[in-house]
Amino acid sequence: MRIEWSGRAIDYTKEELDKIIEVAKTGDPQTQGKYKDEFEAALRGYFGVKNAFAVANATNALDLIALLSGIKDGDEVIIPGHTFCATAIPFGRQGAKLVWADIDPETRLVSPESIRKNITEKTKAVVVVHLYGMVCEMDEIISICKENDLVLIEDCAQSFGAEYKGKKAGTFGDFAAFSLHAQKNITTLGEGGVLIVKDDETAKLAPGVRHNGLCGFDFEREDYWRPAMGNVELDIEGVWPYNFSLGEVQCALGAMLVKRVDELNNKRIKRALHFINEMKDFPELTFQPEKEYIKNVYHLLPAKYDGSESGSCSHDVIRMLSGEYGIKAIVQFHPLYRYPLFKKMGFGDADCPNSDDFFDNMVSFPFHEWMSDEDFQYMIDSVKEVLTKLRNK
Ligand SMILES: Cc1ncc(COP(=O)(O)O)c(C=O)c1O
């Protein structure tokens, strides 16, 4: 392949690489130290929020959200069927009934109408996913959640830095989760995550459930080792805590990347818009729409292919791109209700025609930030050639 689907989204700068080595050599402790505090302060500053926590990945953040939002056995949680599996698994693990919402056919994001349609008296929470870097229609979704007294959870795994009407993704809901996984717009050495909690009282519970219930004593000890080095306690009834901590090297790097994320996102946006503009004579390929009130940070570059006029399909596009041009495009995201695990768990039923249609006709182009300009132009030219060949098939 000339252009692979890369498992490494960004290149680190020399300063970042130096920091990684410095903290690996000198960080003491190597976890739960000053770099965690520094990273969390950087996150609070960037998002303008009071409560942000570093965790080992976004799945962990969503597990903490499922727990802290008080979801219990039998509560219904509305989740888009078109997303990565980790959006839903934590809520299933917590005992919730997963109810699949459909996407809007144009934005490919969860549709407010579908959320509304799926509300019952058992609905406890709504999880929205700002997929591919684009923020959902938050005004309407917030109204729906307020009207029906529902917890609003934002899965921002793919949307670090994205905005809706000038406000950052992750600052609308009661809770938000971000991923710093290898392929995301920024990554802390392959794994990492962020949890944002709106309510200050709930936020006080987060550090304990994140780290084995470890906490200080509420009295002065005469000896630092008695009655124990630290206390283990949680102010939530009947809950066992986790250990979802992020190490110091990753936190130190995270603090630096927060300063650079807008620059990295701007490069993505510029390239994505260039690509989309170059495809304007090929209406058979449609992208997420540009909306002036949404800052899409283009985590990915997905498109829907309509080959009905030429009798071709998205698989033909992917096959030709990979076979003839050495470009590895892929298909994302398998509707969750079609996966064996979700079916086995009793969540195989859905009424999501738009999700099915998009999945069955989509092409996601490789879009790692470090792709050279030359390769990016080669991809544009190759896609045009493929689409032209398919027209003349
Ligand atoms: C939409 C979505 N949610 C959750 C996750 C889980 O993120 P992590 O790998 O950091 O656990 C991902 C990661 O791919 C994702 O894309």
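The exercises below treat pockets, cavities, cores and strands in a predicted model.

Residues are numbered from 1 along each chain as its sequence is written, and side-chain values use heavy atoms, with hydrogens and water left out. Because the model is predicted, local features need pLDDT of at least 70 and side-chain atom pairs count only at pLDDT 80 or more, while totals for chains, interfaces and linings use all residues.

**Exercise 1. Describe the largest pocket by volume and lining.**

Step 1. Grid points are joined across faces, edges and corners, and a volume is the space filled by probe spheres set on the points.

Step 2. The volume of the largest pocket is about 420 Å³.

Step 3. Its lining holds 25 residues, and Phe 84, Gln 158, Ser 179, His 181 and Lys 184 lie nearest the centre. Helix H3 (residues 58-68) gives the most to this lining, with three residues. Helices (H or I, at least four residues) and strands (E, at least two) are DSSP runs, numbered from the N terminus.

Step 4. By class, the lining has 11 nonpolar, 11 polar and three charged residues. Here Ala, Val, Leu, Ile, Met, Phe, Trp, Tyr, Cys and Pro count as nonpolar, Asp, Glu, Lys and Arg as charged, and the others, Gly among them, as polar.

**Exercise 2. Describe the second largest pocket, and state which element gives the most to its lining.**

Step 1. The second largest pocket has about 220 Å³ of volume.

Step 2. Sixteen residues is the size of its lining, with Leu 98, Val 99, Trp 100, Asn 118 and Asp 349 nearest the centre. Two or more residues come from each of strand E3 (97-101) and helix H5 (112-117).

Step 3. E3 gives the most, with four residues.

Step 4. The lining divides into five nonpolar, five polar and six charged residues.

**Exercise 3. How many cavities of 30 Å³ or more are there, and which residues line the largest cavity?**

Step 1. The count is two cavities of 30 Å³ or more.

Step 2. The largest cavity has a volume of about 90 Å³. Trp 5, Ser 6, Ala 9, Gln 183, Arg 268, His 299, Leu 300, Pro 366, Phe 367 and His 368 line it, and these comprise five nonpolar, four polar and one charged.

Step 3. The second largest cavity holds about 30 Å³ of space. Its lining is Lys 267, Arg 268, Arg 271, Phe 367, His 368 and Glu 369, of which four are charged, one is nonpolar and one is polar.

**Exercise 4. Which residues touch the most other members of the largest nonpolar core?**

Step 1. A nonpolar core is a set of buried Ala, Val, Leu, Ile, Met, Phe, Trp, Tyr and Cys residues joined through side-chain atoms within 4.5 Å. Buried means under 20% relative accessible area, exposed over 50%, and partly exposed in between (1.4 Å probe, protein chains only).

Step 2. In the core of 62 residues, Phe 39, Val 128, Met 138, Ile 141 and Phe 160 touch the most other members. Helix H8 (residues 248-278) gives the most to this core, with nine residues.

Step 3. Beyond its neighbours within four places in sequence, Met 138 is in contact with Val 128, His 130, Leu 152, Glu 154, Tyr 164 and Phe 172, where contact means heavy atoms within 4.5 Å.

**Exercise 5. Is Val 110 buried or exposed, and where is its place?**

Step 1. Val 110 sits in the loop between E3 and H5.

Step 2. Val 110 counts as buried because its relative accessibility is 4%.

**Exercise 6. Which strands pair with E8, and in which sense?**

Step 1. Two strands pair if DSSP finds at least two bridges between them.

Step 2. Strand E5 (residues 151-155) runs parallel to E8 and is joined to E8 by three bridges. Ile 153 stands opposite Phe 175 in E8.

Step 3. Strand E9 (residues 193-197) pairs with E8 in the antiparallel sense over five bridges, and Val 197 in E9 is the bridge partner of Phe 175.

Step 4. Phe 175, Ala 177 and Ser 179 point one way from E8, Ala 176 and Phe 178 the other way, and all are buried.

Conventions:
1 Å grid on protein atoms, 1.4 Å probe; cavity = no way out; pocket = protein on both sides within 12 Å on 5 of 7 lines; lining within 4 Å.
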